[in-house]
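Here are my notes on the model, point by point. Please read them with the structure open.

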Amino acid sequence: MTFLCALALVAAVATLWAIRNDSQLSSGSDCQPGAVEIKTAPIPDPPEIEIVVLNGTDRPGLADQAAVQLEDRGFVVVEVGDTDEEVGEAALVKYGPEQYAAGLHTHAYFYGGRDGFNLEWEGPITIVLGNAFKEARSTSDARQSFALGSGITLPEGTCAVE
């Protein structure tokens, strides 16, 4: 009887150890302490992406023109306006960790646009148009640009989660 009790105790301890150390219970993340978790997949389609379009130039109506083009490509434009922020490129696409995959996809629609990922950004994806902006890429051109890119490279201070 003592042997069976000892055997049951060993089995209970082994079971508790296995449950506590089960890798399936972890988040699956290999994040370093302090790293910001970002979702890199799935890449959302334009109808799932809300954007703000701002005119950073002295060309009147540029944000409205770009917003129409982006809506034609399926994006949900939630705000259009002007800003004092000047951009030397065609556009600056600003986004944060919450919109990482969507921000990369949005960036692919701008010829010569600058990626404005910022760990501190909490607002919606915001596009600031610069003087070099002529038009947004077509959906097929943007997909090709995205596919031909160097893949998803995680920004410093972040880690990918599923």
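1. Start with strand β4. Ala91, Val93 and Tyr95 point one way from β4, and Leu92 and Lys94 point the other way. All of these residues are buried. In a regular strand, side chains alternate between the two faces of the sheet. Note that this is a predicted model.

2. How many of the five residues of β4 are buried? Five of the five, across residues 91-95, so the strand is largely enclosed by the rest of the structure. The cut-off for buried is under 20% relative accessible area.

3. Now the strand partners of β4. β4 and β6 run antiparallel and are joined by four bridges. Within this pairing, Ala91 has Leu129 of β6 as its bridge partner. β4 also pairs with strand β5 (residues 114-117), here in the parallel sense and again over four bridges. On that side, Leu92 is the bridge partner of Arg114 in β5.

4. Helix α2 spans residues 62-72. Its buried residues are Leu62, Ala63, Ala66, Ala67, Gln69 and Leu70. Viewed down the axis of α2, they fall within an arc of 165°, so they line one face of the helix.

5. Gly81 deserves a look. This residue lies in strand β3. Leaving aside neighbours within four places in sequence, Gly81 is in contact with Val53, Leu54, Asn55 and Ala63. Of these, Ala63 is one of the buried residues of α2. The C-alpha atoms of Gly81 and Gly61 are separated by 9.0 Å, with the two residues 20 apart along the chain.

6. There is a cis peptide bond to inspect. The bond runs from Ala41 to Pro42, with omega near -5°. Where does Pro42 lie? Pro42 sits in the loop between β1 (36-39) and β2.

7. Met1 is found in the segment before α1 (2-20). Is Met1 buried or exposed? Met1 counts as exposed because its relative accessibility is 79%, and the cut-off for exposed is over 50%. Met1 also belongs to a nonpolar patch on the surface, together with Phe3, Leu4 and Leu7. The accessible area of these four residues together is about 530 Å².

Technical notes
Residues numbered from 1 in each chain as written. Predicted model: local features only at pLDDT ≥ 70, side-chain atom pairs only at ≥ 80, totals over all residues. Heavy atoms only, no water. Patch = residues over 30% accessible without salt bridge, like charges linked within 9 Å, V, L, I, M, F, W, Y side chains within 5 Å. Areas by Shrake-Rupley, 256 points an atom, 1.4 Å probe, with all protein chains shown as cover. Salt bridge = Lys/Arg side-chain N within 4 Å of Asp/Glu carboxyl O. Helix = DSSP H or I, 4+ residues; strand = E, 2+ residues; numbered from the N terminus. Buried < 20%, exposed > 50% of the residue type's maximum accessible area, 1.4 Å probe, protein only. Arc of directions from axis to C-beta. Pairing = 2+ DSSP bridges. Contact = heavy atoms within 4.5 Å.
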